[in-house]
Amino acid sequence: MKRPYLKPREPSGMEWWTYLSFAAVIYVATIVSLRMLYPEKHLDWSIIDETQRTFPESFQWGVATASHQIEGGNSNNWTEFETRSNIEESGDACDHWNRWQEDFQLLEELGVATYRFSLEWSRIEPEKGQWNAEALQQYSDMIDDLCRRGIRPMITLHHFSHPQWFEQREGFLDKDNIGLWVHYCEKVFERYCDRVTDWCTVNEPEVFSIMGYFMKMFPPGKRSLRSTLTVMRNVVQAHGIVYHRLKQHNPVCRIGLAKNVTLFDPLKRWNLLHWTTSAALNFVWNGAIVRALKKGTMFGKKMPLVRGSLDFIGLNYYTHVLTSPFLPQTNEVNFPKRSHETMTDFGYPMYAEGLERAVKMLETLEVPIEITENGTADQHDTLRPIHLQRHVWMVSELLQQGHDIRSYYHWSLMDNFEWAEGYSLRFGLYHVDYQTQVRTLRQSGSIYRDIINEASQD
Ligand code: GAL
């Protein structure tokens with residue numbers, strides 16, 4: 001009888017479904033940990049009374065603007081870009097260059113203690129090495145006028161615009177040009193630092209570089225990842241150099257930069273790809289700059305002057321962006337939002353809760369925080385009142401939790417030229433009629449005036 005053939009058993013190999021189960025367990029564990037480590041906080045605003053808020057007496061209320069957005073009649077990298085791209089031309093803007101006294105009266109009406117504005121480099125140094133005495137004098141008069149009104153000026157040295165001659169040399173793309181900007185900064189600082197204590201070197205290095213060199217929405221309108229990272233690094237480096245130079249002239253002045261903190265959250269919180277995208281964007285937009293200011297290195301390069309180059313950090317906070325690997329290539333889209341969130345006219349959601357995460361991110365820099373910008377585009381002023389109240393309430397909560405926030409600047413005093421979006425977006429506490437240049441206080445403006453008034457009586 002034939003003996004049955006006994007097949008030797010295979011050494012126990014794992015079946016495909018075993019692998020799959022393992023992978024599934026690891027995936028779920030990763031997602032659960034990420035969700036626990038990075039919760040996306042949302043509050044039930046229906047049970048919150050935003051009018052319950054308290055502020056220390058020393059807290060400073062302000063509004064912010066930028067030269068190219070309000071002055072009118074400029075000739076700089078933006079005006080050149082406006083003529084060759086399909087965005088609106090800034091033209092006369094709010095004609096603030098001629099109406100500044102009237103506009104400073106508006107600051108007084110609001111009752112603000114501080115005003116953040118920028119100097120227009122292209123007015124002061126229209127050609128390399130040529131200084132415009134009249135422009136220097138007018139800014140000097142403006143500073144004097146603010147001081148007379150008891151309003152503390154905070155000056156921004158670079159708020160997206162610069163002279164065309166600087167752009168023609170490739171601006172901040174070429175690190176050899178940094179010295180040209182430093183020279184200009186020293187010149188204006190020497191002239192005004194006897195009256196201006198608070199200085200903001202650069203506005204939003206990440207927005208400036210990403211919008212100009214990757215999204216093609218700002219001048220020079222390029223798309224190159226390499227140039228984007230180079231410009232971001234050079235601008236941060238320029239900030240570090242200017243910080244130390246200006247401190248040598250006058251160590252008493254407080255110098256910082258304005259950081260836009262946009263929070264990138266995964267669109268689907270169970271999707272690892274969405275988490276990966278949001279982590280990558282968070283690093284490029286926020287992490288790289290915060291790290292540079294903390295450690296003095298950026299994208300592999302050492303920048304020792306940048307480390308600790310801050311007396312305060314400016315926080316510009318607007319929203320969070322829900323991300324997936326399918327990223328918009330321009331910002332002319334409606335970004336996704338959570339179902340309960342309200343969309344602003346800019347096409348991104350109102351997310352006041354995010355202010356807490358933004359503050360926590362920047363306080364790792366261990367310097368006081370000035371909220372140098374916060375506001376919303378809202379043509380009909382239907383959302384701005386609640387947008388303002390929620391954000392101010394968040395500030396009050398954060399102060400009570402012990403976070404070191406010194407000021408809040410609303411963006412903006414009045415409607416103005418909103419960069420790539422032109423005049424279509426209205427951010428003002430005052431409505432501006434661009435035909436007549438008449439400014440009219442909006443309901444949200446009077447709410448802000450009441451907030452300031454009420455806080456000073458606490
Ligand atoms: C900021 C910028 C401001 C203003 C604001 C509103 O990024 O610094 O100049 O445009 O956005 O969108």
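Begin by selecting Glu 356 and Lys 360, which are four residues apart in helix α12 and therefore separated by about one helical turn (helices are DSSP runs of H or I, at least four residues, and strands are runs of E, at least two, numbered from the N terminus). The two form a salt bridge, with the closest N and O atoms 2.9 Å apart; the term denotes a side-chain nitrogen of Lys or Arg within 4 Å of a carboxyl oxygen of Asp or Glu. Glu 356 is buried, at 10% relative accessible area, whereas Lys 360 is partly exposed, at 39% (buried is under 20%, exposed over 50%, partly exposed in between, with a 1.4 Å probe and protein chains only).

This is a predicted model, in which local features need pLDDT of at least 70 and side-chain atom pairs count only at pLDDT 80 or more, while totals for chains, interfaces and linings use all residues. Residues are numbered from 1 along each chain as its sequence is written, and side-chain values use heavy atoms, with hydrogens and water left out.

Next, select Asp 265 and Arg 357, whose salt bridge has its closest N and O atoms 2.6 Å apart. Asp 265 lies in strand β5 and Arg 357 in helix α12, so the pair ties together parts that are 92 residues apart in sequence.

Then select Glu 50 and Arg 390, where another salt bridge spans 3.7 Å from N to O. Glu 50 belongs to the loop between α1 (16-37) and β1 (60-64) and Arg 390 to helix α13 (residues 384-400), so this pair ties together parts 340 residues apart in sequence.
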